[in-house]
Amino acid sequence: MDKDKTKGEEVQEELNKIRLTLSAKETRALEDVCRQIIDKTREMNYKFRGPVRIPTKTLRITCRKTPCGEGSNTWDRFEMRLHKRVIDLNCPINKVKEITGFKIEPGIVVNVSFP
C-alpha cells in the first residue's frame, strides 16, 4: 500500500545555496570553465548568480640579479596575477557533482562552500 501512495506524488528535492569559488592564473581558461558550469546549470533548470568577477590580486617579487651581491645594482621584477570568479547555485547537493563533472584544466582551483 505504501508504494501506491508514493507512486502518484512527486518527490521534491531540497535546494541548497552552494558557492563555487574559481581561481586561476589565466583568464581564458577560467572564463571557459565558468561558461561550462553556467550552461550545465541552465540545462538542469536551476537558478544561479554569477560569475561575479573579484578584483585581480597581483603578487610582486623584486630581487637582485647577482647572487653574490657584487657588481651593479640590477634588479629583477616578477609578477603573478590571480583571477577569481564566484558563482552561486541553488540546487541539491548531490547535483553539484553532475554540474562540475567535466574536465577542468590543471591550473584552475575550485572551492565549494555552503554559505
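Leaving aside its neighbours within four places in sequence, which residues is Val86 in contact with? They are Arg19, Leu20, Thr21, Arg49, Gly50, Pro51, Val52 and Ile54, where contact means heavy atoms within 4.5 Å.

Before I go on, a word on the source. This is a predicted model, in which local features need pLDDT of at least 70 and side-chain atom pairs count only at pLDDT 80 or more, while totals for chains, interfaces and linings use all residues. Residues are numbered from 1 along each chain as its sequence is written, and side-chain values use heavy atoms, with hydrogens and water left out.

Now the chain. The protein chain has three helices and four strands, and from the N terminus on, the elements run α-β-α-β-β-α-β. Helices (H or I, at least four residues) and strands (E, at least two) are DSSP runs, numbered from the N terminus.

Four strands form an open sheet in the order 2-3-1-4, with antiparallel pairing; two strands pair if DSSP finds at least two bridges between them. Strand 2 (47–64) and strand 4 (109–113) stand at the edges with a single partner strand each, so one side of each has no neighbour in the sheet. On average, neighbouring strands of this sheet are turned by 20° against each other, direction ignored. Axes here are lines fitted to C-alpha atoms, for helices over the stretch in contact, and angles run from 0 to 180 degrees between N-to-C directions.

Strand 2 and strand 3 run antiparallel and are joined by 14 bridges. Phe48 stands opposite Leu89 in strand 3. Helix 2 (residues 27–43) packs on the sheet and touches strand 1 (16–24), strand 2 and strand 3. The direction of helix 2 makes about 5° with that of strand 3.

Back to Val86, which lies in strand 3 (residues 75–91). Is Val86 buried or exposed? Val86 is buried, because its relative accessible area is 13%; buried means under 20%, exposed over 50%, and partly exposed in between (1.4 Å probe, protein chains only). Of the 115 residues of the protein chain, 23% count as buried. Val86 and Asn111 are 25 residues apart in sequence and 9.6 Å apart in space, C-alpha to C-alpha.

Last, the cysteines. How many disulfides does a search of the whole structure find? The search finds zero, a disulfide being a pair of cysteine sulfur atoms within 2.5 Å. Cys63 is partly exposed, at a relative accessible area of 29%, and Cys68 is exposed, at 61%.
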